[in-house]
Amino acid sequence: MIKVLKLKPLIAVDPEDRWRRIFPMSFVFCINIVLGNVSLRYIPVSFMQTIKSFTPATTVFLQWLVWRKYFDLRIWFSLVPIVGGILLTSVTELSFNMFGFCAALFGCLATSTKTILAESLLHGYKFDSINTVYYMAPFATMILAIPAMLLEGNGVLEWLHTHQSVCSSLIIIFSSGVMAFCLNFSIFYVIHSTTAVTFNVAGNLKVAVAVLVSWLIFRNPISGLNAVGCAITLVGCTFYGYVRHMLSQQPPGTPQTPRTPRNLIELLPLVNDKIDDKV
């Protein structure tokens, strides 16, 4: 996309900034992927996707607790249906597993941390989704390669020797990586082509479709209250996106607008303050 098709220009980043800013994001990104895969071993896809909707709440809470960022009261109130829906879904989940639930919940925390790091650590670089993947992917590969060889190397070799045809499985694995990249590319395209509210609604529609497809394929049991809890969570996420969009449209000096002390959001100074050289 960058080197061959040249759809986006490459944003130059100082080598020191790559390790100080992008490497921490890549590390948290890997933790998020591992926790997501672990949770899927113990809980259904529908339940995991519903828990993922908890991410806006964990993001706001972490920004308030760690980064001391202040939020409008309407933001806090909009989180009530999200939290309530998650609690109702968890209590009524027929395939509930505490270990899988905790893995998915900590995955939400990892996702929120990655989002916050992207906002604070990359301050000064006008990054887009494709350039972010361009710099994060090598670090993520390096971080996961050694644990993968140590923990799963023997299992992979055994799998290669015992299966008569591994071509179909390799196609599935490769296709998963291609779709993951297409997801990042589509996020970049949708955000720049529509509004934040549209993007938020589309994300909630994805959760609803994932829940439905999960039930159709795996036939995991879903109770009536469980479906109600999932619906409340989706409505809460949509309302949260609407509130954030309305607050973002307010002038900077308007009271009740979320505000962050300047010295707290800029956690790490740039190696080179000449922004024009990096864009």
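**Entry 1: salt bridges**

I began with arginine 74, which forms a salt bridge with aspartate 72; their closest N and O atoms lie 3.0 Å apart. This is a predicted model. I looked up the cover on each partner. Arginine 74 is partly exposed, at 41% relative accessibility. Aspartate 72 is buried, at 3%.

I then searched the whole structure and found three salt bridges. Another joins arginine 21 to aspartate 17, with 2.9 Å between the closest N and O atoms. Both arginine 21 and aspartate 17 are buried. They sit four residues apart in helix H1, so about one helical turn separates them.

Glutamate 16 pairs with arginine 20, and here the closest N and O atoms are 3.9 Å apart. I checked that value against the cut-off, which is 4 Å. Glutamate 16 and arginine 20 are also four residues apart in helix H1 (residues 15-40), which puts about one helical turn between them. An α-helix has 3.6 residues a turn, so residues three or four places apart point the same way. Glutamate 16 is partly exposed, with 45% relative accessible area. Arginine 20 is partly exposed too, at 28%.

**Entry 2: the fold**

I counted 10 helices and zero strands in the protein chain. Along the sequence, the pattern reads α-α-α-α-α-α-α-α-α-α. The chain has 279 residues, and 35% of them count as buried. I looked at contacts between residues at least 6 apart in sequence; 86% of these join residues at least 24 apart. The accessible surface comes to about 16,500 Å², and carbon and sulfur atoms account for 70% of it.

I took helix H6 (residues 129-162) next. Its 34 residues would span 50 Å if straight, but the end C-alpha atoms are only 39 Å apart. I looked for a bend and found one of about 65 degrees at glutamate 152. The buried residues of H6 include Tyr135, Met136, Phe139, Ile143 and Gly153.

I set helix H9 (residues 224-248) beside it. Its 25 residues reach 36 Å from first C-alpha to last, close to the 36 Å expected. Buried residues in H9 include Gly229, Cys230, Gly236, Cys237 and Tyr240.

**Entry 3: cysteines**

How many disulfides are there? I used a cut-off of 2.5 Å between cysteine sulfur atoms, and the count came to zero. I looked up the cover on two cysteines as well. Cysteine 108 is buried, at 0% relative accessibility. Cysteine 182 is partly exposed, at 41%.

Technical notes:
Residues numbered from 1 in each chain as written. Predicted model: local features only at pLDDT ≥ 70, side-chain atom pairs only at ≥ 80, totals over all residues. Heavy atoms only, no water. Buried < 20%, exposed > 50% of the residue type's maximum accessible area, 1.4 Å probe, protein only. Helix = DSSP H or I, 4+ residues; strand = E, 2+ residues; numbered from the N terminus. Contact = heavy atoms within 4.5 Å. Areas by Shrake-Rupley, 256 points an atom, 1.4 Å probe, with all protein chains shown as cover. Expected span 1.5 Å × (residues − 1). Bend = angle between axes of the 7 residues up to and from the residue. Salt bridge = Lys/Arg side-chain N within 4 Å of Asp/Glu carboxyl O.
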